[in-house]
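Subject: Structure handover

Hello,

Here is the structure for you to look through. Please open it first, then read the notes below it.

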Amino acid sequence: MTDSKQLYQEVILDHNRKPRNYGKLADATHRSEGLNPLCGDHIWLDLKVAGDVIESVAFEGQSCAICKASASMMTANVKGKSVADAERLVEEFRGMATGSLDVANDANHLGRLTVFAGVKDLPSRVKCAILPWHTLHAAVQSQAVVSTEGDNDPVVQSA
Amino acid sequence: MNAANALKTPEPTSAFDVERYRADFPILANVHPHGKPLVYLDNGASSQMPQPVIDRLVRYQTHEHANIHRGVHTLSETATKAYENARRQIQGFLNAKEDREIIFTSNVTDSINLVAHGFGRAFIGEGDEIIITHLEHHANIVPWQMLCEERGAKLRVAPIDDSGALILEAYEKLFSPRTKFVSVTHVSNALGTINPVRQMIDIAHRHGVPIMIDGAQAVQHMPVDVQALDCDFYAFTGHKIFGPTGIGVLYGKAEWLEKMKPFRGGGDMILSVTFEKTTYNAIPFKFEAGTPPIAQAIALGEAVEYVQRIGLDRIAAHEHELLAYATDRLKALDGVRIYGTAPHKAAVISFYVNDVHPHDVGTLLNEEGVAVRTGHHCAQPVMQRFGIPATARASFAFYNRLEEVDVLVEGIRKVQKLFA
């Protein structure tokens with residue numbers, strides 16, 4: 001059993017109080033809205049993609065600390081990366097949060113993002129951590145709105 | 001010393017022996033979330049089951065089970081008798097005039113859908129209006145919206161004030177000759193507000209309109225007498241009153257039930273079937289198509305007997321004490337806001353810890369062994385009314401101790417410290 005306090009201490013102290021890349025992009029090329037209808041997390045993600053590179057990224061919205069910290073760290077991570085590399089991170093993060101990717105033994109590019117590995121032991125919070133990544137995926141696919149329920153349910157998919 | 005410390009756990013003033021009743025609930029002693037004693041404050045979502053109800057389930061499955069209303073063999077007769085006895089136990093519990101006015105459903109959602117379908121399709125037409133309140137659970141909104149969409153009818157919503165209390169005058173003003181039905185909650189699941197249902201029923205009847213009461217959050221907290229209330233329909237669910245899931249109740253006045261269309265077609269709800277014509281069975285069977293949740297109905301009968309043995313007046317008094325103490329202690333915490341401060345409330349407290357999302361509060365309280373509900377409580381319009389996405393909710397049952405309020409408060413302080 002993960003001590004959720006430990007998880008909180010690591011991720012929220014910094015990113016929840018001082019989220020990176022918080023706000024809107026005036027020159028966004030992609031914009032997507034992510035919704036966690038069951039718990040009310042609601043974020044907007046702006047991307048500026050030039051060629052194949054995510055030049056800048058910003059998010060805003062109302063969400064719990066896990067979602068906000070995940071979004072903040074995500075933006076810091078994907079800024080300057082290629083769309084393909086960002087999409088690979090989306091897959092790896094989703095795998096880590098749902099338990100299909102073992103960060104200790106499976107090769108991955110998650111780096112500091114592995115602080116979220118503990119959410120797999122908090123089933124009710126998995127979607128909070130995944131929502132920003134889900135929204136990033138939707139944004140690069142030019143989908144306007146994405147929800148963690150229904151066809152896109154990450155928890156059902158991984159079950 | 002701050003104000004919160006000054007509030008000491010009061011000595012229980014009533015003669016209500018919480019420990020004696022807690023001993024009836026094995027789960028309260030069996031479960032230790034994160035190694036801590038379970039402080040179960042999520043009774044509004046689902047309550048726990050006492051040993052006599054568990055025993056009744058086991059006895060049914062080990063000695064009495066067969067399908068009902070069919071077999072001529074001993075077991076079928078035993079099961080039928082037990083099932084129909086449960087109906088009479090519910091009749092007594094609600095003080096319904098006749099046992100045929102009690103229909104077993106699967107939950108309150110099912111009961112409301114039954115009425116929306118059975119009454120709605122028989123009596124609601126284009127341009128007609130249905131009144132609900134701003135306090136409703138989604139279960140008492142969506143079926144009516146679906147009906148309105150289908151029939152071209154209109155939903156009217158009675159407003160609440162900033163305390164979460166219904167504005168009775170505004171409710172009355174919604175009535176017009178187009179009003180055909182009213183469906184309102186007895187107790188708000190999100191805020192705990194107790195609606196003035198007696199007056200609301202009188203007002204509806206003054207306008208010649210039948211009214212349904214959603215009692216999902218009421219029957220476990222206070223005595224309910226459907227004849228004294230004179231409501232046309234009343235619904236409650238088993239698992240919130242110490243019974244099993246999968247069983248709900250709809251009380252309806254016989255005169256209405258007889259005029260209504262059946263909800264589901266199938267076995268048991270018919271008198272005769274040919275390919276040309278089916279003759280429906282009498283009430284309540286007309287509304288109980290297919291094999292019902294027999295074991296659950298019988299166990300629910302035992303559950304309502306159980307609360308009546310304790311006494312709903314005594315339960316209400318103890319819970320009032322819990323509510324008053326919890327309200328005082330939470331109010332004394334800086335940075336905690338209570339949503340729902342109506343003068344008449346059941347033992348439900350929705351609260352918001354400043355700058356901390358309720359889901360984080362819930363996850364961290366769980367570390368202390370405290371189970372609360374977080375989210376919009378299937379009452380998004382209530383959340384919108386107060387401009388918040390969600391709250392944390394502590395909902396009490398008679399088996400909760402005053403000391404458990406202290407554990408909750410201490411847990412909230414730890415959350416605040418972590419987020420400071």
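Start in β15(B), where Arg393(B) is the bridge partner of Arg373(B). The two strands involved are β14(B) and β15 (residues 391-395) of chain B, which pair in the antiparallel sense over 3 bridges. Strands count as paired if DSSP finds at least two bridges between them. Strands (E, at least two residues) and helices (H or I, at least four) are DSSP runs, numbered from the N terminus.

A word on the ground rules. This is a predicted model, where local features need pLDDT of at least 70 and side-chain atom pairs count only at pLDDT 80 or more, while totals for chains, interfaces and linings use all residues. Residues are numbered from 1 along each chain as its sequence is written, chains are lettered from A and ligands numbered from 1 in the order in which they are written, and side-chain values use heavy atoms, with hydrogens and water left out.

The 4-strand sheet

β14(B) and β15(B) belong to an open sheet of 4 strands in chain B, in the order β11-β12-β15-β14. Its pairing is antiparallel. β11 (336-339) and β14 (373-375) of chain B are at the edges with a single partner strand each, so one side of each has no neighbour in the sheet. The twist averages 30° from one strand to the next. Helix α14 (residues 312-331) of chain B lies across β11 and β12 (348-353). This helix runs at about 10° to β12(B). Such angles run from 0 to 180 degrees between N-to-C directions, with axes as lines fitted to C-alpha atoms, for helices over the stretch in contact.

The 7-strand sheet

Chain B also has an open sheet of 7 strands, in the order β2-β8-β7-β6-β5-β3-β4, with mixed pairing. Which strands stand at its edges? They are β2 (102-105) and β4 (154-158) of chain B; each has a single partner strand, so one side of each is left without a neighbour in the sheet. Neighbouring strands here are turned by 20° against each other on average, direction ignored. Inside this order, β7 (residues 233-237) and β8 (residues 248-252) of chain B pair in the antiparallel sense over 5 bridges. Ala235(B) stands opposite Leu250(B) in β8(B).

Where the chains meet

In contact (heavy atoms within 4.5 Å) are 21 residues of chain A and 14 residues of chain B. Together the chains bury about 1,400 Å², 56% of it on carbon and sulfur atoms. Buried area is the accessible area (1.4 Å probe) that two parts lose on being put together, summed over both. Lys5(A), Tyr8(A) and Cys39(A) supply 31% of the area that chain A buries against chain B, more than any other three residues.

How many salt bridges cross this interface? The rule (a side-chain nitrogen of Lys or Arg within 4 Å of a carboxyl oxygen of Asp or Glu) finds 1. Arg125(A) forms a salt bridge with Asp360(B), and the closest N and O atoms are 2.9 Å apart. On the side of chain A that touches chain B, the elements giving two or more residues are α1 (4-16) and α2 (65-78) of chain A. The largest share, 7 residues, comes from α1(A).

Two backbone details

A cis peptide bond joins Ile283(B) and Pro284(B), with omega about 5°. Pro284(B) sits in the loop between β10 (278-280) and α13 (294-310) of chain B. Asn21(A) is not a glycine, yet has a positive phi of about 50°. Asn21(A) lies in the loop between α1 and β1 (30-36) of chain A.

Best wishes
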